[in-house]
Amino acid sequence: MGQPATMAARAQRNDAPWLTLKMREAMEAWLFLSPTLAGFLIFFVAPLVAVLGYSLTEWNLLSQQATFVGLANYDDALMRNADFWHVARNSAVFALGLVPLNMALALLLALALSGRFRGVVVFRTIFFAPVVTSAAAWAIVWKFQLQGEAGFINQVLAGIGITGPNWLREPNWAMAAVIVTRVIKMVGLNMILYIAALQAIPRDYDAAARLEGASGLQIFRMITWPLLGPTTLVIMVITTIGSFKVFDHIYLMTGGGPENGTLVLAFYIYQQGFEFFNVGYASALAMIMFVIVMALTVVQLALRRKDT
Amino acid sequence: MSSLTLSGIKKRFGKVDVIRGVDLEVEDGEFVVFVGPSGCGKSTLLRMIAGLEDITSGELRIGERVMNEVQPARRGVAMVFQSYALYPHLTVRDNMGFGLKVRGVKPEERASRIAAAAAILKLDALLERFPRELSGGQRQRVAIGRAIVGEPDVFLFDEPLSNLDAELRVHMRSEIAALHQRLGNTMIYVTHDQIEAMTLADKIVVLRDGIVEQVGTPHELYRRPRNLFVAQFIGSPKMNVVPLADVELPPGLVAPANAVSIGMRPEHLAITNPGSGIVSGRVAIAEYTGASSLLHVELDSGAICLVVHQGDEPQAGKRIDLRIDTGNLHSFGADGTACGPPTGHPRS
């Protein structure tokens with residue numbers, strides 16, 4: 001009897017009677033949230049607000065003078081400067097080439113490697129390894145492989161009687177080359193996400209469908225693919241965002257060339273900000289890119305919600 | 001409808017023999033229950049019949065046809081899974097019609113067959129719902145409905161009630177029994193619950209470690225178990241088995257020569273006058289269960305003997321004698337095989 005009474009007394013002494021349980025729980029919740037919230041405010045909201053502010057100025061890093069110009073930078077980018085639309089088109093081509101290719105390949109690899117068979121872990125590792133490889137090393141290696149006549153790829157093609165193009169020196173081929181090499185580098189990540197999703201589908205679904213007479217293709221089309229929907233959406237969103245943000249790969253492989261054929265939005269922003277020092281204009285471009293990516297994400301989410 | 005014949009069926013996973021030679025006849029329209037403890041191979045055997053697992057050796061016939069190499073969908077079987085395996089992105093209607101759709105059945109016929117099955121299972125109002133919007137019992141009915149619409153010859157049930165609560169299990173058990181009466185199809189049902197087996201089966205197949213311990217009607221298995229395993233697996237509470245030396249058989253009654261232990265079901269034992277019982281001991285625990293009490297009687301040898309006792313339970317610690325009708329005695333040899341009841345004419 002004595003011990004519980006003592007515990008109750010101690011609990012009472014430590015309690016702050018002016019705090020209701022609800023207030024106490026709210027305080028605890030905010031306390032737990034605060035590290036993430038602080039990081040979000042400092043590293044996301046604050047830079048975003050700053051960039052928004054810069055985008056309304058004409059600010060040259062060299063002269064260190066910022067002049068408020070209102071929406072002139074946006075007007076310049078969207079209405080006057082033809083470069084922007086060329087770059088936006090390049091980014092769209094890059095995304096439209098990369099996202100479907102990456103997702104289709106990731107799904108095929110996941111379907112092949114989601115089962116259990118001897119050596120499956122080795123294969124998964126092989127396809128995932130490029131994801132953790134340094135982007136610089138990857139780009140440099142591929143730059144050599146894709147050289148004109150001396151490149152490994154063209155030598156292989158020559159072996160079967162095909163004369164390969166100078167991959168990184170012709171605008172269309174250069175875009176195809178950066179897309180494909182980027183897909184090979186990043187496909188492993190989406191493959192792992194798809195493997196996890198496939199393994200989460202109960203095996204009984206497959207057994208039940210087989211018993212009911214469904215072919216492998218029917219099972220995939222009517223059961224597996226719809227159940228992969230949420231994962232496909234996540235993959236589509238992160239891959240699309242990633243494709244609009246691509247910078248290092250382009251910078252190291254083509255430098256945006258040839259003839260600005262691979263000049264994509266993120267690289268164009270870098271050029272404007274840190275090569276030509278037009279911080280105001282670069283900030284406006286960054287805001288436009290933010291809006292494009294956000295809009296694409298919202299559209300994808302909305303489409304998905306409509307499906308389900 | 002179809003009969004089944006399993007001849008020398010074996011299954012090996014790697015180096016492990018899971019099914020070690022099963023011979024079984026299932027008559028047309030019969031309700032057969034595979035029962036046994038976890039890991040005995042009952043679900044594997046069912047999946048082999050369905051075609052979801054290969055048969056390592058032996059022969060499976062459904063009707064007159066050898067089915068070893070026939071695709072699952074062409075065996076004329078439908079299966080209800082323990083997890084129900086309802087496709088979460090499809091409505092009840094689409095779940096039930098899935099098999100018909102992939103087999104190319106016309107939409108009108110599909111609709112009428114789904115409607116018929118839904119009427120049998122009282123699912124009419126639920127057809128547009130998704131599985132996540134259903135209770136456990138409703139999901140179970142949808143799973144059964146999906147099996148019915150395919151109009152199979154043989155229904156296979158893989159522990160279909162194990163995810164339901166006790167009350168719903170009893171209810172669904174009676175629904176499955178009613179369904180069998182109504183459809184008259186051959187049904188094979190897997191469970192580890194011997195009450196389900198006893199209440200549903202025309203014929204029970206008791207499995208242990210991949211072999212059949214005994215096949216028989218519920219009455220046969222209860223009254224004349226072939227060995228100690230079956231004797232103790234069938235019946236609840238399980239049969240008391242006490243060394244022959246601890247039992248005082250009535251004068252004139254002789255245990256078979258090779259018997260080493262005597263089996264007595266708790267519900268067959270009753271308290272009797274001191275000195276006139278077959279065994280005696282002290283009441284260790286008395287558990288009141290409402291309709292009866294379960295007495296744990298500690299025999300003089302230290303063994304515990306369970307007794308289902310009607311009426312007021314004796315106090316713990318009280319010494320009691322227990323009697324049994326001699327027709328309800330079982331005896332077992334050293335290897336656990338039943339060796340018949342004690343024989344002779346007891347002198348009272």
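**A sheet edge and what lies beyond it**

Mentor: Strand 14 of chain B pairs with strand 18 (residues 319-323) of chain B in the antiparallel sense, over 3 bridges. Two strands are taken to pair if DSSP finds at least two bridges between them; helices (H or I, at least four residues) and strands (E, at least two) are DSSP runs, numbered from the N terminus. This is a predicted model, in which local features need pLDDT of at least 70 and side-chain atom pairs count only at pLDDT 80 or more, while totals for chains, interfaces and linings use all residues. Residues are numbered from 1 along each chain as its sequence is written, chains are lettered from A and ligands numbered from 1 in the order in which they are written, and side-chain values use heavy atoms, with hydrogens and water left out.

Within the pairing, B:I271 stands opposite B:L322 of strand 18 of chain B. These strands belong to an open sheet of 5 strands in chain B, with the order 14-18-15-16-17 and antiparallel pairing. Strand 14 (270-272) and strand 17 (304-309) of chain B are the edges; each has a single partner strand, so one side of each is left without a neighbour in the sheet. From one strand to the next, the twist averages 50 degrees (axes are lines fitted to C-alpha atoms, for helices over the stretch in contact, and angles run from 0 to 180 degrees between N-to-C directions).

Chain B also holds an open sheet of 6 strands, in the order 6-7-8-3-9-10, whose pairing is mixed. Strand 6 (77-80) and strand 10 (211-216) of chain B stand at its edges with a single partner strand each, so one side of each lacks a neighbour in the sheet. Its neighbouring strands are turned by 20 degrees against each other on average, direction ignored.

Helices of chain B come next. Two packed helices are described by the angle between their axes and the distance between the axes. The axes of helix 4 (residues 136-149) and helix 5 (residues 166-183) of chain B come within 11 Å and cross at roughly 20 degrees. These two helices of chain B are therefore roughly parallel to each other (angles under 35 degrees count as roughly parallel, over 145 as roughly antiparallel, 65 to 115 as roughly perpendicular and the rest as oblique). Helix 4 of chain B passes helix 5 of chain B in a right-handed crossing; a crossing is left-handed if the near helix is turned anticlockwise from the far one by less than a right angle, and right-handed if clockwise.

The loop between helix 4 and strand 7 (154-158) of chain B contains B:E151, which has a positive phi of about 45 degrees although it is not a glycine. B:E151 counts as exposed at 54% relative accessibility (buried means under 20% relative accessible area, exposed over 50%, partly exposed in between, with a 1.4 Å probe and protein chains only). Another loop of chain B, between helix 8 (228-233) and strand 11 (240-243), holds B:P237; a cis peptide bond joins B:S236 and B:P237, with omega about -5 degrees.

Two arginines of chain B meet aromatic rings. The charged end of B:R146 sits over the ring of B:Y87, 5.0 Å from its centre, and that of B:R265 sits over the ring of B:Y222, 4.2 Å from its centre. The criterion is NZ of Lys or CZ of Arg within 6 Å of the ring centre and within 35 degrees of the ring normal.

Over all chains, a search of the whole structure finds 21 aromatic pairs. In one of them, the rings of A:F84 and A:W85 have centres 5.1 Å apart and planes at 80 degrees, so the pair is edge-to-face (rings of Phe, Tyr and Trp, its six-membered ring, pair if their centres lie within 6.5 Å; planes under 30 degrees apart count as stacked, over 60 as edge-to-face and the rest as tilted). A:F84 is buried at 1% relative accessible area, whereas A:W85 is partly exposed at 49%. A:F267 and A:Y270 form a stacked pair, 6.1 Å centre to centre with 20 degrees between the planes.
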